[in-house]
Structures are given as structure tokens and as C-alpha cells.
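Good morning, and thank you for coming. I would like to take a few minutes to walk through one model, element by element.

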Amino acid sequence: MDIEIWLNDFYPKILSDFGFSREDDERAAKLMYELGWKKLLDSSILLERIEGRDVIVIGGAVNEADAKTLKDPNWIKITAGKSILRLREFMSNFTPDVHVTDMEEPDELLIELERQECILVLHAHGDNIDRIRSVVPKLGRFVATTQSKPFDRIYNFGGFTDGDRAAIIAKKFKARKIKLIGFDFDEAEGMKLKKLKWAKKILEFEGLL
């Protein structure tokens with residue numbers, strides 16, 4: 001997604017719709033930078049892994065039937081948020097090529113994924129400052145993202161939820177083909193359902209649905 005479209009159109013509307021604080025998002029991004037610093041990877045590492053490849057992006061509604069499609073080694077697998085927990089119910093040793101998350105999963109799982117050479121894309125926002133403080137000091141290297149103004153190696157590729165952000169990353173870094181599995185925009189309620197509606201709108205705008 002073009003950064004100007006995100007910052008001037010989608011992002012202000014999301015802030016207004018949810019009552020989120022731009023200042024808190026910026027504070028979270030700054031904390032990610034301060035704690036991460038030398039750990040922050042250049043985004044070119046994502047291009048190296050994704051460009052020209054067929055990519056499966058895995059959302060949180062992934063099921064056992066979906067999981068069977070992930071055994072093909074020719075696909076690059078990108079997991080979004082807690083989809084990795086669902087997948088491991090069916091495939092206990094599954095490790096994606098890229099994991100995109102705002103860090104709701106256990107610290108130990110994120111540490112394990114990094115050790116297994118999964119590229120972690122960690123997202124900073126105003127509501128996960130405690131998770132940033134907990135997770136970042138325990139990791140070696142990761143790509144950092146924000147939903148506010150990017151700076152240095154704190155990137156903004158666009159996207160609101162882990163799922164749509166993961167799909168946008170696949171597109172931005174020139175995947176040859178993008179397949180979405182485990183995306184369900186209706187099986188939720190309250191705040192979660194509202195977030196999924198925005199995710200769907202963003203994916204449709206990007207031509208990914």
C-alpha cells in the first residue's frame with residue numbers, strides 16, 4: 001500500500017473509528033526502536049525471501065484441512081498472529097518462513113521461531129507497549145513495523161490487523177502468487193469483528209480479495 005494513502009486515508013479513519021491514539025502508536029514505535037536498535041533488520045531481508053515466490057498467507061481461522069496444503073515445500077508460508085498457535089494444534093513442529101504479529105503469542109514461541117530462522121515482523125501500536133517491553137529484549141533480530149509514521153528501520157507497509165498486514169507484505173515484496181487461507185471476516189463479535197471488517201476493506205482495496 002502506498003504510504004501516503006495509508007497515513008492520509010485509512011489510518012486517520014481507523015483512529016477515529018476505534019478511538020485509538022496516534023500519540024500512543026508513535027510512543028510504541030519509539031520504544032520498539034530504542035529497545036531494538038541493533039536488532040532491527042533492513043526490510044530487504046523480506047525481499048530476499050519473498051520476491052518471485054509463491055506465497056501462502058495464513059490467517060487465524062486456519063483449520064486442519066487448510067494445514068494439509070502447507071506441506072508443499074515450494075510455497076513460502078507467512079503466518080499472521082495467533083494463526084501459528086492454531087497451526088501447531090495440527091502440525092506441532094510447523095515453522096513459517098515469515099511470521100507477522102503484534103506479539104499476542106507467548107514469548108517462548110517467538111524466541112523459538114527466530115531460532116528456527118523464521119523472519120519475525122513485529123508490530124508496535126499503542127495497546128501493546130507491555131508486550132514490546134517483554135519480547136524485544138529476548139530476541140536477536142527482527143523486522144519492526146508501525147501503523148503511524150515510519151522512521152529509520154521502523155517500517156510501515158500498511159495494514160491494520162496481522163492478517164491484512166501479512167498479505168500486504170507478500171504483495172509489497174513481489175510475491176509471484178499470493179494465496180490466502182484461514183481468513184474469515186464474519187466469525188467474531190465486538191471489537192474483533194470490527195477489526196476484521198477493516199481488514200477485509202484493506203485487502204479488497206489492495207486487490208488481494
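Serine 83 is placed in helix H5; helices (H or I, at least four residues) and strands (E, at least two) are DSSP runs, numbered from the N terminus. Before I continue, please note that this is a predicted model, in which local features need pLDDT of at least 70 and side-chain atom pairs count only at pLDDT 80 or more, while totals for chains, interfaces and linings use all residues. Residues are numbered from 1 along each chain as its sequence is written, and side-chain values use heavy atoms, with hydrogens and water left out.

Is serine 83 buried or exposed? Serine 83 counts as buried, at 0% relative accessibility; buried means under 20% relative accessible area, exposed over 50%, and partly exposed in between, with a 1.4 Å probe and protein chains only. Apart from neighbours within four places in sequence, serine 83 is in contact with Ile58, Gly59, Gly60 and Val62, where contact means heavy atoms within 4.5 Å.

Arginine 88 also lies in helix H5. With a relative accessible area of 17%, arginine 88 is buried. Its side chain makes a polar contact of 3.5 Å with the side chain of threonine 95. A polar contact is a pair of N or O atoms within 3.5 Å; within protein, one must be able to donate a hydrogen and the other to accept it, and residues adjacent in sequence count only if both atoms are side-chain atoms. If residues up to four places away in sequence are not counted, arginine 88 touches Asn93, Phe94, Thr95, Leu109, Glu112, Leu113 and Gln116.

I turn now to the pocket. The largest pocket has a volume of about 790 Å³. On a 1 Å grid over the protein atoms alone, a pocket is an open set of points where a 1.4 Å probe fits, with protein on both sides within 12 Å along at least five of seven lines, and lining residues have an atom within 4 Å of a point. Grid points are joined across faces, edges and corners, and the volume is the space filled by probe spheres set on the points.

Which residues lie nearest the centre of the largest pocket? They are Glu104, Thr161, Asp162, Lys192 and Leu196, from a lining of 38 residues. Helix H2 (22–36), helix H5 (83–90), helix H8 (162–172) and helix H9 (190–205) are the elements that give two or more residues to this lining. By class, the lining has 10 nonpolar, 13 polar and 15 charged residues; Ala, Val, Leu, Ile, Met, Phe, Trp, Tyr, Cys and Pro count as nonpolar, Asp, Glu, Lys and Arg as charged, and the others, Gly among them, as polar.

Among the buried residues of H8 are Asp162, Arg165 and Ile168.

Next, the aromatic rings. The count comes to 10 aromatic pairs, under a rule by which rings of Phe, Tyr and Trp (its six-membered ring) pair if their centres lie within 6.5 Å, with planes under 30 degrees apart counted as stacked, over 60 as edge-to-face and the rest as tilted. Phenylalanine 157 and phenylalanine 173 form an edge-to-face pair, 5.3 Å centre to centre and with 85° between the planes. This pair links distant parts of the chain, 16 residues apart: phenylalanine 157 is in the loop between strand S6 (154–155) and H8, and phenylalanine 173 in the loop between H8 and strand S7 (177–181). Phenylalanine 157 counts as buried at 3% relative accessibility, and phenylalanine 173 counts as buried at 6%. Separately, Trp6, Phe10, Tyr11 and Phe205 form one aromatic cluster.

Finally, backbone angles. Most residues other than glycine have a negative phi. What is the phi of methionine 103? It is near 75°, a positive value in a residue other than glycine. Methionine 103 is found in the loop between strand S3 (98–101) and helix H6 (107–115), and counts as buried at 0% relative accessibility. Lysine 174, in the loop between H8 and S7, has a positive phi of about 65° although it is not a glycine. Lysine 174 is partly exposed, with a relative accessible area of 49%.
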